[in-house]
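This briefing covers a ligand site and the aromatic pairs of one protein model. Please look over the sequence and structure before reading on.

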Amino acid sequence: MATQCSVVVLISGSGSNLQSLIDASQHSDAPFKIAAVISNRPNVKGLSRASAAGITSQCVDHTEYASREAFEADLAALIDQYQPDCVVLAGFMRILTASFVSRYERRMFNIHPSLLPKYPGLNTHQRAIDAGDQLAGATVHFVSAELDAGPPAIQGQIAIEPNDTVDSLSKRVLKIEHKIYPKVIEWFSRGRLVWQDDAALLDGTPLGAQGKIVAWEDISTL
Ligand code: GRF
């Protein structure tokens with residue numbers, strides 16, 4: 001890997017996770033740099049965040065393609081122009097084919113707002129509240145072909161309060177997301193985090209089925 005890990009970030013919307021990665025990449029000792037930001041939707045806030053940071057950004061609008069495969073072919077061609085060491089899905093709301101995923105095998109990450117393997121897919125916070133769960137949170141995982149799956153690297157957890165709504169819970173979980181995603185990309189960039197056999201390994205030690213579990217109270221010690 002190059003001295004600084006080169007990262008391409010894929011987004012679909014607001015890009016608050018992208019912002020946390022941009023901020024982390026701007027530290028003087030940051031082990032990664034964001035080579036480009038690509039959105040599948042035009043005119044989203046994440047694209048403005050990229051421009052404001054002086055990062056190349058482009059849109060590959062999936063609605064202009066007749067098939068998922070045709071969209072992904074152009075997306076992959078664009079990503080590959082930057083020869084990234086790592087591809088980061090940050091609120092990228094398109095399901096990816098197995099063939100696209102295998103192209104970036106073991107070097108593509110996703111963040112999902114639930115305690116995976118619970119609640120892959122949409123409406124995660126509503127589902128956690130409806131189920132009467134005591135904990136919610138977010139998971140960063142290597143991407144495998146199955147939706148919201150692949151070895152987890154980290155999971156940030158927070159208590160669900162009795163009067164929590166989707167809105168209040170998602171705001172707190174987003175704060176966790178903004179801490180844990182840059183940390184994982186840092187680990188990967190320094191060669192500390194790898195996907196070997198069926199597990200994510202941090203400093204040679206296999207992480208469990210939920211990745212490294214970090215409670216809200218301990219997030220600042222990350
Ligand atoms: C986050 O909750 C992320 O976990 C999910 O989509 C949301 C994206 O938010 N995959 P943002 O665009 O990073 O603000």
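The notes below take the ligand and its surroundings, then the aromatic rings.

The model is predicted, so local features need pLDDT of at least 70 and side-chain atom pairs count only at pLDDT 80 or more, while totals for chains, interfaces and linings use all residues. Residues are numbered from 1 along each chain as its sequence is written, and side-chain values use heavy atoms, without hydrogens or water.

**Ligand shell**

**Polar contacts and burial**

- A polar contact is a pair of N or O atoms within 3.5 Å.
- A polar side-chain atom of Glu177 is 2.7 Å from a ligand oxygen.
- A polar backbone atom of Gly15 is 2.8 Å from an oxygen atom of the ligand.
- A ligand nitrogen lies 3.2 Å from a backbone N or O atom of Ile111.
- The protein buries 81% of the 370 Å² that the ligand exposes when taken alone (Shrake-Rupley method, 1.4 Å probe).

**Aromatic pairs**

- There are six aromatic pairs, counted where ring centres of Phe, Tyr or Trp (its six-membered ring) lie within 6.5 Å.
- Phe109 and Phe142 form a tilted pair because their ring planes meet at 35°, with centres 4.5 Å apart; planes under 30 degrees apart count as stacked and over 60 as edge-to-face.
- Phe109 lies in strand S5 (residues 108-112) and Phe142 in strand S6 (residues 135-142), so the pair links parts of the chain 33 residues apart (strands are DSSP runs of E, at least two residues).

How values were computed: A polar contact is a pair of N or O atoms within 3.5 Å; within protein, one must be able to donate a hydrogen and the other to accept it, and residues adjacent in sequence count only if both atoms are side-chain atoms. Helices (H or I, at least four residues) and strands (E, at least two) are DSSP runs, numbered from the N terminus.
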